[in-house]
Amino acid sequence: MKKKEKVSAGLSEKASDTILVIICVIIMLIVAYPLYYILVASVSNPYDVYAGKTFLLPSGFTLKGYQAVFADDSIFSGLLNSIKYTIIGTVYSVVMIYLVAFPLSQKSMPGRTAISLFFIVTMYFGGGLIPTYLVVKDTGLLGNMWALFLPGGVAVGNMIIVRNYIENSIPSSLIEQAEIDGASQLRVFWNIIIPLSRPIMAVMVVFSMVAYWNDWFTAMIYLNSSQAPLPLVLRNVLIKSSASAAQASTISGGYAELNKLTEMIKFSSIIVAAAPMLIIYPFVQKYFEAGFMAGAVKG
């Protein structure tokens, strides 16, 4: 009887694992297919795309959309600007997160609850776009790349994740022992907190990189055209293409061809903007998963 029960339990477990794998594959396909579809559409004839002929494979293969995108001289300067803003912004953001999260993770810190509440309030209430713009203008940051970083200060949601990680995953006894041995707070932070929190740091790096790479609206408000990052440049390329198509509407055949090119540029721009993050993510995926689970809020 016992052997039969074990066999039955084993089959049930195997069946449940199979069902879970199937569900995960279906979810993966649902999530991944839209991006794949955009990739296929970017090298297909737009009319075939809207006719439903590009379900899995390209139809009417063409690279005119990418040629039009990269024909704009501002693309490469925008790419360099995005790389610069992403690197500087990521370093700044992670440093600020840790400088706030480490003190708030120490239960002996005076006023810890009040300071934490102060940061949490900023997650729900803000001055809005106009007051923020006036502050940036009065501080002389208009046309300065630091307008992208300084107003945001600390990403409070990310800071809370790091604080919880330090508080729950790094033994307080280890920190206390280091302090007994004469280590200063700076020494504890640099030699204990930083090395032991690398997984969650990888998560913060990914979050910050994606946020700064995709941020075109802040740059549009505070920076001039020569400082535009890649997403904003691609937006401008698409707008110019749409405007050209509208102007050509009175020309026989002109509107159709320019509208076709505009659609190709639309799909190509999405791929060009997303490609760098898609290339980088696999290299930090294992740290991202481990750090995110370890930094989750524990009930």
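Mentor: Before we dig in, contact means heavy atoms within 4.5 Å. The model is predicted, so to speak with care: local features need pLDDT of at least 70, side-chain atom pairs count only at pLDDT 80 or more, and totals for chains, interfaces and linings use all residues. Residues are numbered from 1 along each chain as its sequence is written, and side-chain values use heavy atoms, with hydrogens and water left out.

Trainee: Which residues is Ile-75 in contact with, leaving aside its neighbours within four places in sequence?

Mentor: Ile-75 is one of the residues that touch the most other members of the largest nonpolar core, alongside Phe-149 and Leu-234. Such a core is a set of buried Ala, Val, Leu, Ile, Met, Phe, Trp, Tyr and Cys residues joined through side-chain atoms within 4.5 Å, where buried is under 20% relative accessible area, exposed is over 50% and partly exposed is in between (1.4 Å probe, protein chains only). With those close-in-sequence neighbours set aside, the partners of Ile-75 are Val-69, Phe-70, Leu-230, Val-233, Leu-234 and Val-237.

Trainee: Which helix gives this core its largest share?

Mentor: The core has 29 residues. The top contribution, six residues, belongs to helix 13.

Trainee: How far apart in sequence are the parts tied together by Tyr-92 and Trp-146?

Mentor: Their rings form an edge-to-face pair, 6.1 Å centre to centre with 75 degrees between the planes; rings of Phe, Tyr and Trp (its six-membered ring) pair with centres within 6.5 Å, and planes under 30 degrees apart are stacked, over 60 edge-to-face and the rest tilted. Tyr-92 is buried at 17% relative accessible area, while Trp-146 is partly exposed at 33%. Since Tyr-92 sits in helix 4 and Trp-146 in the loop between helix 6 and helix 7, the pair bridges a sequence gap of 54 residues.

Trainee: Why is the pair of Phe-102 and Phe-189 called what it is, and what is that name?

Mentor: Phe-102 is buried at 8% relative accessible area, and Phe-189 is buried too, at 13%. Because their ring centres are 5.3 Å apart and the planes meet at 45 degrees, the pair is tilted.

Terms used. Helices (H or I, at least four residues) and strands (E, at least two) are DSSP runs, numbered from the N terminus.
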